[in-house]
Amino acid sequence: MTLTLLFSAPDRAWPSYETALPQALKAAGIEAHVTREAAPEAVDYIIYAPNDMLTDFTPYTRTKAVLSLWAGVEKIAPNPTLTQPLCRMVDPGLAEGMRDYVVGHVMRYHLGMDRHIHGLNGAWDHITPPLARDRSVAVLGLGELGQTCARTLAALGFLVTGWSRRPKEIAGLTCVSGPEGLETVLRRGEIVVLLLPNTPETENTLNAETLALLPKGARIMNPGRGSLIDDDALLAALETGQIGHATLDVFRTEPLPQDHPYWAHPNVTVTPHIAAETRAQTAAEVIAENIRRGEAGEILLHLVDRAAGY
């Protein structure tokens, strides 16, 4: 039987998947028709990223699972009409892209590269950076992306401490949790990486109070979610020197408005949401594997437990 797969995502995503999905499905031995339009009662699986065309999942009575193209599912999971199983995207390319971005900017901060890139203006300013083993890095958020980044930084020798809202044990990493753990990790976080999900509990994780806990001159990197930082509090902390620099890849409003103070601030680096992107080729392979599992009656990969949070 040929399966019907509905690709329901913004238009810009389709060209990348139009070829990659059929190829991955064929390689997995799955007979399927991938379409952008189908009668709801005929759809076996939905390949999904939030869009205006599909917000009500009620008519999709035959659909066996909704396969997200995003690692974060906070814009999908709360939908009350979504009763089908939901799987987040855990794509090797996504994790590798985030790892590369985070490691690159941690090393930039650690080595003080901006001083030399922007020029010393003829001053022989001989400052030797510490070794990685003497540099404390805090990774806030220990999901798939956070763990990948934390493990890589630890392998490079950095003193990495990971924080999550709930306790976690991860081999080779020092992990703390809860409000007390957050205070502990921030007090020693010379470089802080934000990779938390966007939930009511994580909004403004970095605010005036928590920013004040950091060592003076700490560096911040946010490739996670724009809502994790109180923007006004960060700007104030940058002005006082409490925060030395912030590299920001995600924002509450995207694209970042042209008149936003981040653009012109000398101690802010803005990147246009490029830290990690789902790669169509590897994501298509994950989707094909999950459909194979679904048809074989096996447990789906990366199934979201909406009752336990996401």
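Two strands pair if DSSP finds at least two bridges between them; strands (E, at least two residues) and helices (H or I, at least four residues) are DSSP runs, numbered from the N terminus. The structure is a predicted model, in which local features need pLDDT of at least 70 and side-chain atom pairs count only at pLDDT 80 or more, while totals for chains, interfaces and linings use all residues. Residues are numbered from 1 along each chain as its sequence is written, and side-chain values use heavy atoms, with hydrogens and water left out.

Begin with the sheet. Select its seven strands, which form an open sheet in the order β8-β7-β6-β9-β10-β11-β12 with parallel pairing. At the edges are β8 (174–177) and β12 (268–270), each pairing on one side only.

Next, select β11 (residues 243–248), which pairs with β12 in the parallel sense over three bridges. Which residue in β12 is the bridge partner of Thr247? The partner is Thr269.

Helix α7 (residues 231–240) lies across β10, β11 and β12, at about 140° to β11. Angles run from 0 to 180 degrees between N-to-C directions, and axes are lines fitted to C-alpha atoms, for helices over the stretch in contact (heavy atoms within 4.5 Å). Helix α2 (residues 92–111) lies across β6 (136–140), β9 (191–194), β10 (218–222), β11 and β12, and runs at about 160° to β11.

Finally, select Met113, found in helix α3 (residues 113–117). Met113 is partly exposed, because its relative accessible area is 34%, between the limits for buried (under 20%) and exposed (over 50%), with a 1.4 Å probe and protein chains only.
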